[in-house]
Amino acid sequence: THTNCFHIKPEHGSRIVCITGNMKSRGFPCDGLLTKEPYAVLTLCPADCMPIFLTTENVEFIGLLHAGWQGVLKEIIRKAIERIWIEYAIPPSDIHVGIGPSVRECCYDNPHAIKQFEKVPPLMPFILKSNSGVKYLNLMGCVCHQLRHAKVLMEHITIAYTCTCCSKDTYGKHTFFSHRRVDKFGQEKEGRCTSYFMTSCNSFIFINCSFFLYYLDLMFTLIV
């Protein structure tokens, strides 16, 4: 059976594309893909931004989002949940969400991003301050807040708490590529991780490849 691969080419916005049966493998300038088509593969290559996977218990659709600080401010979470209802008539309470590894609040001291979040009162509680006065952004907390506000059930949200910037393997080597780490320290070549979300007639798998290599026990996999 022929499989089509559809790739997110991030714009750091909130544009979402729905894949239909007449579309062939290609990349889309967008930050989200949704589909009900069998044998489809959705892909994304994040550095520190969140790969967010969406589906239902019965795999009525699959979705993959690229959520960085700009996408979160532009409400890509809300727009995706609303688009799922419009396209597929699936209510938020039926949606299951998986959030892959991303830069966490321990490492995300991005002054420009934090300045923008300080302008949005509902998101200000996710700006944290260290004892030394340095501000950090809890972007994962922002996303969970937006999911709850969009009526996604907390018990339907699975989170990889690993930080792409500072996590290391048992040999002391960094587990993930990280734009933030390269930007701060500049001691390595910059790279990207890869996230896949695949469907067949009766199964789906969503994997962050680097996450899969080092954390098999935490890998997001569900066979229906």
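Mentor: Fine. This is a predicted model. Start at the end of H2: the helix is followed by Ala89, which has a positive phi, near 55°.

Trainee: How many residues does H2 have, and what does it span?

Mentor: H2 has 13 residues. From first C-alpha to last it reaches 17 Å, close to the 18 Å expected at 1.5 Å a residue.

Trainee: Which residues of H2 are buried?

Mentor: Ile76, Ile77, Ala80, Ile81, Ile84 and Tyr88. Looking down the axis of H2, the buried residues fall within an arc of 135°, so they line one face of the helix.

Trainee: Where is confidence highest in the chain, and where is it lowest?

Mentor: It is highest in helix H2, residues 76-88, at 97, and lowest in strand E14, residues 221-222, at a mean of 33. Over residues 201-224 the pLDDT is below 50, though that stretch has 63 contacts in the model beyond near neighbours in sequence.

Trainee: And what is the average for the protein chain?

Mentor: The pLDDT averages 81, and 79% of the residues score at least 70.

Trainee: Switching topic. Which residues touch the most other members in the largest nonpolar core?

Mentor: Ile52, Leu54, Val97, Ile99, Phe117 and Leu137, in a core of 43 residues. There is also a second, separate core of 14 residues, with Cys30, Ala40, Leu44 and Ile62 among them.

Trainee: What about Cys49, buried or exposed?

Mentor: Buried. Its relative accessible area is 17%, and the cut-off for buried is under 20%. Cys49 is found in the loop between strand E5 (40-44) and strand E6 (50-56).

Trainee: What does Cys49 touch, leaving out residues up to four places away in sequence?

Mentor: His12, His66, Ala67, Gly68, Pro101 and Ser102. As for Leu65, 16 residues from Cys49 along the chain, the two C-alpha atoms are separated by 9.8 Å.

Trainee: Last thing, aromatics. How many pairs does the structure hold?

Mentor: Two aromatic pairs. Take Phe6 and Phe28: the ring centres are 6.3 Å apart and the planes are at 35°, so the pair is tilted.

Trainee: Where do Phe6 and Phe28 lie?

Mentor: Phe6 lies in strand E1 (residues 4-9) and Phe28 in strand E3 (residues 26-29), so the pair ties together parts that are 22 residues apart in sequence.

Note on methods. Residues numbered from 1 in each chain as written. Predicted model: local features only at pLDDT ≥ 70, side-chain atom pairs only at ≥ 80, totals over all residues. Heavy atoms only, no water. Core = buried A, V, L, I, M, F, W, Y, C linked by side-chain atoms within 4.5 Å. Buried < 20%, exposed > 50% of the residue type's maximum accessible area, 1.4 Å probe, protein only. Helix = DSSP H or I, 4+ residues; strand = E, 2+ residues; numbered from the N terminus. Contact = heavy atoms within 4.5 Å. pLDDT = per-residue confidence, 0-100. Expected span 1.5 Å × (residues − 1). Arc of directions from axis to C-beta. Phe/Tyr/Trp six-rings, centres within 6.5 Å; stacked < 30°, edge-to-face > 60°.
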